[in-house]
Amino acid sequence: MNISKDALGVFIAVLDKGSFSAAARSLGKVPSAVSMSIGNLETDLGLELFERRGREPIPNAAARALEAKARFMLEQFAQWEAQAVALSEGLEGRLSIAIDPELLACDWTSPLGVLSLRYPLLEIEILAAPHIDAMNLLHEGRVQLALVFERPNFDGREGFQEMTSETLVSVIAPNHPAVANGARPRLEDLAEHRQIVVASRERAQPNPRFLSSHRHWRTDNHTAALSLMQAGLGWGQLPLSLVRPYLNAGTLVEIDLANMSNSCVLWVDVVWNKSNPLGLGAQQFITLIRDQQKSTAR
């Protein structure tokens, strides 16, 4: 059996237009060519698809049963052709992005939604990796983009686009001794309590960026960090967008420091390795992020 895209197109045109002549006009063909195409399709399938007793062909039960699948196959053909054109224009087969787990609550899905409409067959891979691990994945070529907090030092190998800003807040379980009975610890008092940090799984890496306590527990997973904090096993500094649901639920509270503000605003960047040429999908993701940032800034 050899069913072509053209044969499926003719089949659907006859169903939609109601006659061979109307289908022929919509396709720019002569009626005899449409009739022959349907006849060949019926021969290939071993099925009659239309009753030809009157002036116009009447689709039978077999035609109606195959209609939905035929439309689906035509859509797949169209997507396949569009993907082939995009690949010829530089679209990568897969776009891999490493995201700091603390930033998973940021709006990074909206630009991916636009990309999915433009390139339905583009494969997307999202890897959650703490800052240092995400940057290592980027420079190793494992991912094309990394979504991380702004870096304290400029690296000439990297290009970046600001995406948004995040407010970091110190949070703790409401029954933790550091805040029991409405206590307002000073930062130096808080440093005596265990801190939960999201950090690289590689112990050889430098201490986490936001480490303030003398003692700390590490995890590379934001969900684990939140669970430890809610269990009263330590305090942590996390983006407000990530902890807001837990603050609203009362399972975590912001730490009301006596000697300083409990907030720190940092930029969130999309970073790429300038030595690795970016594909069309990565380039458009960056453009969408830039447009999103400009729109938010207005």
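Here are some questions and answers about this predicted model.

The numbering starts from 1 along each chain as its sequence is written. The model is predicted, so local features need pLDDT of at least 70, side-chain atom pairs count only at pLDDT 80 or more, totals for chains, interfaces and linings use all residues, and side-chain values use heavy atoms, with hydrogens and water left out.

Q: How many salt bridges does a search of the whole structure find?
A: Side chains of opposite charge can pair when their charged atoms come close. The term here means a side-chain nitrogen of Lys or Arg within 4 Å of a carboxyl oxygen of Asp or Glu. Searching the whole structure on that basis gives a count of 12.

Q: Which residue does Lys-29 meet in a salt bridge?
A: Lys-29 sits in the loop between α2 (20–27) and α3 (31–45), and its partner is in helix α1 (residues 5–17), so the pair ties together parts that are 23 residues apart in sequence. Helices (H or I, at least four residues) and strands (E, at least two) are DSSP runs, numbered from the N terminus. The N to O distance is 3.6 Å, and the partner is Asp-6.

Q: Is Glu-67 buried or exposed?
A: Buried means under 20% relative accessible area, exposed over 50%, and partly exposed in between (1.4 Å probe, protein chains only). Glu-67 pairs with Arg-71 in a salt bridge at 2.9 Å, N to O, and both lie in helix α4 (residues 61–88), 4 residues apart, about one turn of the helix. Arg-71 is partly exposed at 29%. Glu-67, at 18% relative accessibility, counts as buried.

Q: How far apart are the closest N and O atoms of Arg-201 and Asp-220?
A: Arg-201 is exposed at 57% relative accessibility, whereas Asp-220 is partly exposed at 25%. The two form a salt bridge, and their closest N and O atoms are apart by 2.6 Å.

Q: Which residues of helix α6 (residues 131–139) are buried?
A: The cover over the buried residues of α6 includes β3 (94–99), β4 (123–128), β5 (145–149), β6 (158–172) and β11 (264–273). Just after α6, Gly-141 takes a positive phi of about 85°. The buried residues are Asp-133, Ala-134, Met-135, Leu-137 and Leu-138.

Q: Which helices are included in what covers the buried residues of α2?
A: In α2, Phe-20, Ala-22, Ala-23 and Ala-24 are buried. Just after α2 comes Gly-28, with a positive phi of about 75°. The cover over those buried residues includes α1 and α3.

Q: Which residues is Phe-285 in contact with, leaving aside its neighbours within four places in sequence?
A: Contact means heavy atoms within 4.5 Å. Phe-285 is one of the residues with the most contacts inside the largest nonpolar core. Its partners are Ile-97, Trp-108, Pro-111, Leu-112, Leu-115, Leu-145 and Val-270.

Q: How far apart in space are Asp-291 and Pro-111?
A: Asp-291 lies in helix α10 and is partly exposed, at 42% relative accessibility. In sequence, Asp-291 and Pro-111 are 180 residues apart, but C-alpha to C-alpha the distance is 9.7 Å.

Key:
Core = buried A, V, L, I, M, F, W, Y, C linked by side-chain atoms within 4.5 Å.
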